[in-house]
Amino acid sequence: MTVNRSLTSKLPRSTNGAPRAPRVAGETEIALAARLFALDVLHRIDRGADRLEIWWKAQIPRTRVGLVVIALILGASFLNVVEMRLAQPSATATAPAAAQSAVMSEVAPADAGKVWAVVKMWQGTGIHDTEAFTVADHWRVDWVFNQTQPVGQMQVFIYGADGRLLSIATNIQRADANTTFWLGPGTYVLKVISSGGDWKLDVQDLH
């Protein structure tokens, strides 16, 4: 390993080996002090490079290879940490949007002076993903499952607009008709999984 010497090697030295620099015409005391400090730093780097070069030449080839491998591993780890740090602001920025998709089950809300309005309706058999719908604070899911086979079941899952599974609206293994109430404004999607019968489904919003 060969180290290039800096320009400080050509400067005159003081008794302790630090570089001396003649005062420049018109130079203030602060500027002179800053320049001497910079020259001293360069001098120390030169001395460190000398010692490093001597130490490096004293190592056997196998040791040198091992040190290079360790340096590469540490460098890759450092770059990975930097990449993770840079990615954190992006993840933080998307957190509020994900939080808007939170939903909680509730009992029937007080609806004095308010009315339920149908937002969307669906019917069919088997598996079905609804289109996205948007609701306010209080909303509900109504369903009817008509079992036509000896064995039947119906499940309705609630997903956020970001594709995250949030909750389950119903999970039955028989003919049934019922309602579940939900708290949480936002945009959602329902996924219906059924067998052995047909179903009807609607979402209503409280206004």
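Biologist: In this predicted model, which residues does M154 touch, leaving out those up to four places away in sequence?

Modeller: M154 touches W143, V144, F145, T170, N171, I172, V192, I193, S194 and W199. Each counts as a contact because heavy atoms lie within 4.5 Å.

Biologist: What makes M154 a member of the largest nonpolar core?

Modeller: Membership requires a buried residue of a listed type, Met among them, joined through side-chain atoms within 4.5 Å. M154 is one of the 20 residues in that core, and it is among those that touch the most other members, including F133, W139 and L190. The strands β4, β5, β6, β7, β9 and β10 each supply at least two residues of this core, and β5 gives the most, with four.

Biologist: Why is strand β6 called largely enclosed?

Modeller: Buried means under 20% relative accessible area. Six of the eight residues of β6, residues 153-160, are buried, so the strand is largely enclosed by the rest of the structure.

Biologist: How do you know that β6 pairs with β9?

Modeller: Pairing needs at least two bridges. Eight bridges join β6 to β9, residues 186-195, and the two strands run antiparallel. M154 stands opposite S194 in β9.

Biologist: What makes β7 a partner of β6?

Modeller: The cut-off is again at least two bridges, and six join β6 to β7, residues 165-172, so these strands pair, running antiparallel. Here I158 stands opposite S167.

Biologist: What lies between β6 and β7 in their hairpin?

Modeller: Four residues separate the two strands, and G163 in the turn has a positive phi of about 90°.

Key: Residues are numbered from 1 along each chain as its sequence is written. This is a predicted model: local features need pLDDT of at least 70, side-chain atom pairs count only at pLDDT 80 or more; totals for chains, interfaces and linings use all residues. Side-chain values use heavy atoms; hydrogens and water are left out. Buried means under 20% relative accessible area, exposed over 50%, partly exposed in between (1.4 Å probe, protein chains only).
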